[in-house]
Amino acid sequence: MTGRSTHTFVCPECRRSIEVDDAMRATLLETGCVVCGAPVTSSHV
Ligand SMILES: [Zn+2]
């Protein structure tokens, strides 16, 4: 355990599950899914 807060993001489009930290979460919300590029909202991550 690292003690950092992580979130599990599941893409609504490609169903890919990705562990993200707060910084990565913010990036996802801004740029969308790293796998398929689908838009991501805060309810997904
Ligand atoms: Zn995706």
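Mentor: In the protein chain, 27% of the contacts with a separation of 6 or more are between residues 24 or more positions apart; two residues are in contact if their C-beta atoms, placed from the backbone, lie within 7 Å. This is a predicted model, in which local features need pLDDT of at least 70, side-chain atom pairs count only at pLDDT 80 or more, and totals for chains, interfaces and linings use all residues. Residues are numbered from 1 along each chain as its sequence is written.

The protein chain has 1 helix and 2 strands, in the order β-β-α from the N terminus. Helices (H or I, at least four residues) and strands (E, at least two) are DSSP runs, numbered from the N terminus. Along the principal axes, the C-alpha atoms occupy a box of roughly 30 × 20 × 15 Å. Of the 45 residues, 11% count as buried. A residue is buried if 20 or more other C-beta atoms lie within 10 Å of its own, exposed if 12 or fewer, and partly exposed in between, with C-beta atoms placed from the backbone.

The part to examine is the loop between strand S1 (6-10) and strand S2 (17-21), where arginine 15 lies. Its phi is near 65°, a positive value in a residue other than glycine. Arginine 15 is exposed, because 9 other C-beta atoms lie within 10 Å.

Helix H1 (residues 22-31) lies largely in the open, because the number buried among its 10 residues is 1. Glycine 32 follows H1 and has a positive phi, near 95°.
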